[in-house]
Amino acid sequence: LQEIEKELELISSFPALHTKTKIAVGGGFSAGKSEFISSFIKTDVKLPIGVVPTTAIPSYVINNQKDIFIACNKKGGVVNLAEIDKNFHSKLSHDFIESFGFNLKELMPFMILGTETNYKNICFVDTPGYNPASTTGFTDEDIKTAKEFLENSDIFIWLIGADANGTLSSTDLEFLDGLDLKNKKFYLVLNKADVRPIDSLEDVLEEIEEQLEDYDIEFEGISAYSSTMKQEFSYLQLSLFDFLEKYNNESSKHNEMVDKLMAIYTNYKYYILKTIQEKKEISKILNSISLDILEDGLNNENAFTRLEYLKNIFSTKKEN
């Protein structure tokens, strides 16, 4: 229900989002998530990147004919920050947020960036790095936010940087292993692949494949990709571009939400009816005990008082 509530808050803030297929992009600090998403943007609008953690507030990036940058609060209020400053989105780093003296994310939990992209029906979700430098920003909150947005996404892409280890780190694997990946479409990108010798990339991808299989993490594909060059050098199973095209369809999220609500209703109804039946059985036993006491000629007021107390506890008035 909380997940559905968040989805409704998002739709109420920007109704066009309900027709988009959301793909969350996750990974550690410096994996290049923002630059990766920007590589699919056709305009000059780019997400902020840097050598320090930059993605402080999750952003939904969607295809839109007009450039917009909308700040959303928890009550459905919106404001187009692009009308204040067309480059406002590029300033939303951890350092900028800290300059306010309070946690801006509590007022604006997410942003929506609309501009022309390569994929009409895809909404990319730029999440904070799960392991930013402890000296910068709201570390614990970033981890919590990243986990929440990834777990609430049916499709997500995980990025690792080829300029670092080039393979999945133990912290990456532990973080992924801690996520609920059941029924999720998962894709892994070895970003910044242009910094590695091309003839070594296939070996790296195979090593990553083995790591995922060791952790029983199912995936649709693995890609060696360069965000700066907007080029894929190698892949396993499914190309990154084929993966994105596969989900570049209008979302049926509204139907999924109705199905989820019906499933919740059915579960509640089942357990309420089950509870009523159990309480009725217990009430029958208590009534039987009361009759037995009377038949035995016992007139223990204290015992009857305690039995009435138990009968009230197991009353089905609340459930009915």
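Lys192 forms a salt bridge with Asp163, and their closest N and O atoms are 3.3 Å apart. A salt bridge here is a side-chain nitrogen of Lys or Arg within 4 Å of a carboxyl oxygen of Asp or Glu. The model is predicted: local features need pLDDT of at least 70, side-chain atom pairs count only at pLDDT 80 or more, and totals for chains, interfaces and linings use all residues. Residues are numbered from 1 along each chain as its sequence is written, and side-chain values use heavy atoms, with hydrogens and water left out.

**Salt bridges**

- The structure holds 2 salt bridges.
- Lys192 lies in the loop between β8 (185–191) and α6, and Asp163 in the loop between β7 (155–161) and α5, so this pair ties together parts that are 29 residues apart in sequence. Helices (H or I, at least four residues) and strands (E, at least two) are DSSP runs, numbered from the N terminus.
- Lys192 is buried, with a relative accessible area of 18%, whereas Asp163 is partly exposed at 46%. Buried means under 20% relative accessible area, exposed over 50%, and partly exposed in between (1.4 Å probe, protein chains only).
- Lys246 forms a salt bridge with Glu220, with the closest N and O atoms 3.0 Å apart. This pair links distant parts of the chain, 26 residues apart: Lys246 is in helix α7 (residues 240–246) and Glu220 in the loop between α6 and β9 (221–226).
- Lys246 is partly exposed, with a relative accessible area of 44%, while Glu220 is buried at 16%.

**Nonpolar cores**

- In soluble globular proteins, nonpolar side chains tend to be buried together.
- A nonpolar core is a set of buried Ala, Val, Leu, Ile, Met, Phe, Trp, Tyr and Cys residues joined through side-chain atoms within 4.5 Å.
- The largest nonpolar core has 39 residues, of which Ile112, Trp158, Leu168, Phe186, Leu188 and Leu212 touch the most other members. Helix α6 (residues 198–214) gives the largest share of this core, 5 residues.
- A second, separate core of 31 residues includes Ile57, Ile155, Tyr187 and Leu238.

**Surface patches**

- Patches are made of residues with over 30% relative accessible area and no salt bridge; like charges are joined within 9 Å, and nonpolar side chains (Val, Leu, Ile, Met, Phe, Trp, Tyr) within 5 Å. Accessible areas come from the Shrake-Rupley method with a 1.4 Å probe, and for residues only the protein chains shown count as cover.
- A patch of negative charge on the surface includes Glu174, Asp177, Asp199, Glu202 and Glu218. For charges, Lys and Arg count as positive and Asp and Glu as negative, while His and the chain ends are not counted. The place of a charge is taken as NZ of Lys, CZ of Arg, CG of Asp or CD of Glu.
- The largest share of the negative patch, 8 residues, comes from α6.
- Glu174 is placed in helix α5 and counts as exposed, at 53% relative accessibility.
- Leu1, Leu261, Tyr268 and Ile272 form a nonpolar patch on the surface, with about 400 Å² of accessible area together. Leu1 is in the segment before α1 (2–13) and counts as exposed, at 57% relative accessibility.

**Residues apart in sequence**

- Ser170, in helix α5, is partly exposed, with a relative accessible area of 47%. Ser170 and Gln211 are 41 residues apart in sequence and 9.7 Å apart in space, C-alpha to C-alpha.
- Lys230 is found in the loop between β9 and β10 (231–236). The C-alpha atoms of Lys230 and Ser38, 192 residues apart along the chain, are separated by 9.6 Å.
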